[in-house]
Amino acid sequence: MDAIKTWLGRSGLASIAILAVLLLVVFPLAMDTFRLNLVGKYLTYGFVAIGLVMLWGYGGVLSLGQGVFFGLGGYAMAMFLKLEASDPESTKIQSTPGIPDFMDWNQLTELPLWWEPFNSFGFTLFAVVAVPVLLAFSISYAMFKRRVGGVYFAIITQAVALILTVLIIGQQGYTGGVNGMTDLKTLMGWDIRTDEAKTLLYFLTAALLLGAILLCRWIQLSKLGTLLLAMRDKEDRVRFSGYDVSMFKVFAFCLAAALSAIGGAMFTLQVGFMSPSFVGIVPSIEMVIFAAVGGRMSLVGAVYGALLVNFGKTYFSETFPDLWLFLMAALFIGVVMAFPNGLAGLYESHVKPWLARRKQAPAGSGGEPPSASTAPAAPTVPHTTTSSAAAPAADIHLGAKVSSQSA
Amino acid sequence: MSDKHLPSSSRRTFMLGAAALPLALAMSRMGHAAALPTAQVNTTGLAVTDTEVIVGQLHSATGTMAISETGSIQAEQLAIDQINAMGGILGRKIKVIKEDGASDWPTFAEKSRKLLVNDKVATVFGCWTSASRKAVLPIFEKENGLLYYPTFYEGLEQSKNVIYTGQEATQQILYGLDWAKKEKGAQKVFLVGSDYIWPRTSMKIARKHIENFQGGKVVGEEYYPLGNTNFNSLINKIKIAKPDCIFAAVVGGSNVAFYKQLKAAGITGAKQFLLTLSVTEDEMLGIGGENFEGFYSSMKYFQTLDNANNKAFVEAFKKAYGPKAVIGDVTQAAYLGPWLWKAAVEKAGSFDVDKVVAASPGIELPTAPEGYVKIHENHHLYSKARIAQGQADGTFKVVAESPELIVPDPFPKGYQ
């Protein structure tokens, strides 16, 4: 019994199980279809957030362009749905029936060749993952092989987000422009707008997300995960040990891209449209905030972060339509100032020691002063010899060590 | 003291006075006006009680579009307050649930679902950009909601669930071009717009009209990304092409840069004829009267329109929102929404969406600030087109008005 408990605790499966119960049992029972559909939408951001945990928290690579991959996945799915919604019968009012409405508005008279494959659902599913991964691979391979990293890489991801937004908006005949692709109705004849469909899609999203978390957790616990951590903390040492550091980073970036793209595709299915407003810089940074609020070292925390931020957004904007942006700002500033390691960090530094003390209390040694375990590791002697640049690095390292074994 | 028996000509003046009357008076009127039981006026489970009907308002109160949409929010609120002061609709006061679309199309979709599914609102007044309308349209059609949409837009759309109180493209463009040819002898026209669906569609219609119906010539057609602020290359092209008329549909923040740079390059209203589809009193605030002086704008409404309806409207608007408030074309169109809905509900004798929609074609509003309007079967309004010249103080001087109401035609034949 104790062995199972220890194993559960070590691999973080307990917290994943709690999340699973929350998503698959508690939410569906407690909410009506409308709210459940909203949660389903938030969960699609959860895919991006766990991707960022792997890329940023573990790989040490900050990407400010995850919206690109979310958008590409979403657009691939939207193209399939749009073609299905544009049969000649329902588009007979157009000058060229049978092509998507925005093409007709832009004087296209036939379907562009590169749209043709998206008539196939199989190809679409493949493209949802393959197109973003291909793009992620080419960007990251080119950058990391040249040892471009850190803030420079983050800036390049921002540039990619900007380029893609401009491209989508500029090529409106092929992409729907600012309006995006709207009025998506059915998936292979199945009406995705009904309540039953929305509920089913919610469960599909939740199940996929839990699967993705398990996959990522497995990677974290494998040798690969350890190497990612090692590379983040001391890249040169890993390189000198004979590993090809850049390829690990490429892998982490592609993994995050694939996860974001799956989130994007599920988003399109649940919300019924896709628009360039998910691709740009602002939504991409928002996605980083989800991971930061949840805790960038914790997969489960990142999902809670995405849920909390979006719940907050919906709740504040419904309740205080004039003030809600200020309240959101207060939430972000509050979380970042009070718990720099996010919600998961809060759990690690406060809840866990408290639980441990409760466990110890029945044993009789309740009088133990807690300061040893909970006090921040502030050096009592001023570091006169260390340079100012080294101090924050050491700090990050310590935080990572504390939380690296949590899910 | 009931307003029911007043002749319709004096009804409007009464209505404006009623805003200042004590609330108690309005309350006392409600009792006998609520003749129709709720079970009869609401058979589809809308948020209607014996004393109240709940409607939604969905605009961007935050984000980049807030500056444009605030006028619409205020105008709709003003109309609703005035209707409530008159005793409401079918004896029921209008209560508004306000949601913020935050200039973000997915948020518009989320909030419209919330209003229709959760709050069961009887109607929604909202949206501004085409993108936000496109985002909510499938939801209104699926949930059978009703949307009053105020902005002039590109047309190519007609939905059972939307009443378009702004102009579709032909209502704004054709009269303007005809006037430009007749009064200004415009033969060579240069088309310029922001790069999205509304300017693209508008310019397509303009080009067909100029080339096929006017025998004129398009000497340039340029589009710039939304938010673009550098128009130097455009200005060079204009200088080379020497058009008789610049026909512009540049929107948002780009407008400010566009007119400032035109002026800096010496292209001013005194030397060059320019007609735009996208400058109202609201945009004028940002552009500055001195930069737009002498150029022309084609709209259906200007704040300076000289009629009794408009004078009363401007006075009430300024009383509610301060003497510096300006009223643009869309603000006025938004103001029509609640009044058109009231007329349709009263004609239908019901709040049910299907019945209100069925009653809507043919609804007339002689009290509209822009003058008389009427709902066409295609859910757009018959309205007049007007041309006005920008003045240095930021106001517009109306110089021409279409003699007849222009029939709305969202799918114009020969212009596709």
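Reply: Let us begin with a pair of strands. In chain B, strand β9 (residues 274-276) and strand β10 (residues 296-299) run parallel and are joined by two bridges. Strands are DSSP runs of E with at least two residues, helices are runs of H or I with at least four, and both are numbered from the N terminus. Two strands pair if DSSP finds at least two bridges between them. Within this pair, B:T276 stands opposite B:S297 of β10(B).

Me: Before we go on, what kind of model is this, and how are things numbered?

Reply: This is a predicted model: local features need pLDDT of at least 70, side-chain atom pairs count only at pLDDT 80 or more, and totals for chains, interfaces and linings use all residues. Residues are numbered from 1 along each chain as its sequence is written, with chains lettered from A and ligands numbered from 1 in the order in which they are written.

Me: In what order do the seven strands of the open sheet in chain B come?

Reply: The order is β7-β6-β8-β9-β10-β14-β15, with mixed pairing. At the edges are β7 (217-224) and β15 (396-401) of chain B, each pairing on one side only.

Me: And how many residues of chain A are in contact with chain B?

Reply: Contact is judged by C-beta atoms, placed from the backbone, that lie within 7 Å. Here 28 residues of chain A are in contact with 32 residues of chain B. On the chain A side, α7(A) gives the largest share, three residues. Elements giving two or more residues to that side include α3 (33-58) and α14 (299-319) of chain A.

Note on methods
Two residues are in contact if their C-beta atoms, placed from the backbone, lie within 7 Å.
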